[in-house]
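Keep the viewer open as you read.

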Amino acid sequence: MTQQQPAWGISLSKYFVIPQRVILAIMGFLAILNAYTMRISLSIAITELVVKKNYTDDDGESAVCPADDLDSGSSGGGDKEWSEELQGLILSSFYIGYIVTHIPGGLLAEKFGGKWTLGLGILSTAIFTLVTPVAIDNGGATALIIVRILMGLGEGTTFPALSVLLSQWVPLKERGKLGALVLGGGQVGTILANSLSGVLLDAYDWPVVFYLFGGLGVLWFVIFSFLCFSDPASHPFIKPSERDYLEREMGSIVRNVNLPPTPWKAILTNLPMIALVCAQIGHDWGFYIMVTDLPKYMADVMQFSIKANGLYSSLPYVMMWIFSISSGFIGDWLMSRKILNITNTRKLMTAIAAFGPAIFMVAASYAGCDRAAVVALFTICMGLMGAFYAGMKLSPLDMSPNYSGTLMAITNGIGAITGVITPYLVGVMTPNATLLEWRLVFWVAFAVLCVTAVVYCIWASGEVQPFNDPPALPKDYEAEERGKSKEKK
């Protein structure tokens, strides 16, 4: 039953021109944007923290490219004598914490609503981002690893909580474009983290990067707390016309807080769910290599200056963001015109987002030191990867509106394991940071992307799965639960 809307809320609603579901989508977009700027800023900053490598020989293709003389702002590195393996461990440590809070975050969001699960997670990440310079100055690599793990713990709730919010707020026919808008925050956050970090590191000392992005995270939390709510029924100043529309399109707009325990066995043995997890692993393997280590490739192999590094490392994500938004509209159009059903639309977008990047990623390593070709190929690579957000990334919402937070937590959490593996693995595979070592990294990513995409294209589904609708609850279910609770007390 829909909650009674307060009179002051109805009066306030007339001042909002933009529908509340769109405001939620915009704030969700900014949530992911902030999350990615805080997560990724270290990938650029670390190139200015460590001692610059000296290359005294020229082995042709197996060495590195001539230094970039297009920009005189390169600082030549810092004073931290961290090996490539240690740098890989530092960059991967964030994902150790990130994995841990995915499933708890999904369960909390389903039970208590996505607002505070999302908001407090971003706030804690912002606080630890602000203390990062103190940790580096006083505790070195060990303290930095600890802070990064704590950041990951806060940020791990982001995608599960947003999935629950979107499943409560966004009708199916708007899910492609609004979902792509929200999830596109990752690309815009990456663009800002890379480009702004490059400019700031060129002009100021490295701590300013963490102060800026951490401060923006705190500001987002304050605005989000006032504007957004967990579901339409609890929103005090949503327009009555929008409440009626959402109820008409989605049925009940009150969160089902009385769902029985999560059907773990049914979820984990569901074949489309297994296919979804495989696709997430493949995407994340390629994505985390690019998002975490592309600045290092540009600095160590291509020898770009720090300012140019930030610019050229961000260009691929500009294309990825444009393509992710476009693919959302295209996906909705394909389904509304009945050209493809929801399952085949998700499969098509996921295939584009896997096979395309796999090919262009490897091609970039064969472009050698041709800077224009390398940047163009990486840009196409990440652009095509943007179709992922109108593909399998929306599958948890399609497969189970009731348990979308749990499904997103499982898929994103398992996929995030690659965030621990790939940066460390890159560090181990590229001890000398040469072109041939990096080429092998990209070939491994090619194989993982292609194999997992094939699994998804065969067994995936965009339809609501049987485990979404548990057996009918007995009428006295709530009374029984209250009785159990009293007995425990």
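**A walk through the model**

Helix α10 gives the largest share of the nonpolar patch, four residues. Helices here are DSSP runs of H or I with at least four residues, strands are E runs of at least two, and both are numbered from the N terminus. Before going further, note that this is a predicted model, where local features need pLDDT of at least 70, side-chain atom pairs count only at pLDDT 80 or more, and totals for chains, interfaces and linings use all residues. Residues are numbered from 1 along each chain as its sequence is written, and side-chain values use heavy atoms, with hydrogens and water left out.

Areas come from the Shrake-Rupley method with a 1.4 Å probe, and for residues only the protein chains shown count as cover. Both α9 (185-203) and α10 (207-227) supply at least two residues each. Take L216, which sits in α10: its relative accessible area is 37%, so it counts as partly exposed. The scale runs like this: buried is under 20% relative accessible area, exposed is over 50%, and partly exposed is in between (1.4 Å probe, protein chains only).

Now zoom out for the overall picture. The protein has 20 helices and zero strands. Of its 489 residues, 58% are buried. The accessible surface comes to about 19300 Å², and carbon and sulfur atoms account for 66% of that. For contacts (heavy atoms within 4.5 Å) between residues at least 6 apart in sequence, 87% join residues at least 24 apart.

How far can you trust the coordinates? The pLDDT, the predictor's confidence in each residue from 0 to 100, averages 83 over the protein, and 86% of the residues score at least 70. Residues 56-62 fall below 50, and this stretch has seven contacts in the model beyond near neighbours in sequence. Residues 70-75 are also below 50, with nine such contacts. Where pLDDT is low, the predicted coordinates should not be read in detail.

Next, the charged pairs. A salt bridge puts a side-chain nitrogen of Lys or Arg within 4 Å of a carboxyl oxygen of Asp or Glu, and the structure holds four of them. R21 pairs with E174 at 2.9 Å, N to O. That pair links distant parts of the chain: R21 is in helix α2 (residues 20-49), while E174 is in the loop between α7 (158-169) and α8 (175-183), 153 residues apart. R21 also meets E242, at 3.0 Å from N to O. Here the reach is 221 residues, from α2 to helix α11 (residues 240-250). Together, R21, E174 and E242 are linked in a network of salt bridges. R21 has a relative accessible area of 12%, so it is buried; E242 is buried too, because its value is 8%.

Further along, R39 forms a salt bridge with E155, with the closest N and O atoms 2.9 Å apart. R39 is in helix α2 and E155 in helix α6 (residues 132-155), 116 residues apart. Both R39 and E155 are buried.

Helix α6 also holds I149, which is partly exposed because its relative accessible area is 25%. What does I149 touch, leaving aside neighbours within four places in sequence? It is in contact with S93, F94, I96 and G97. The C-alpha atoms of I149 and I96 are 5.9 Å apart, although 53 residues separate them along the chain.

Then there is T129, in helix α5 (residues 114-130). Its relative accessibility is 1%, so T129 counts as buried. Not counting residues up to four places away in sequence, T129 touches M38, M151, F210 and G214.

Finish at K338, in the loop between α14 (306-336) and α15 (342-365). K338 is exposed, because its relative accessible area is 72%. Its phi is near 60 degrees, a positive value in a residue other than glycine. Most residues other than glycine have a negative phi.
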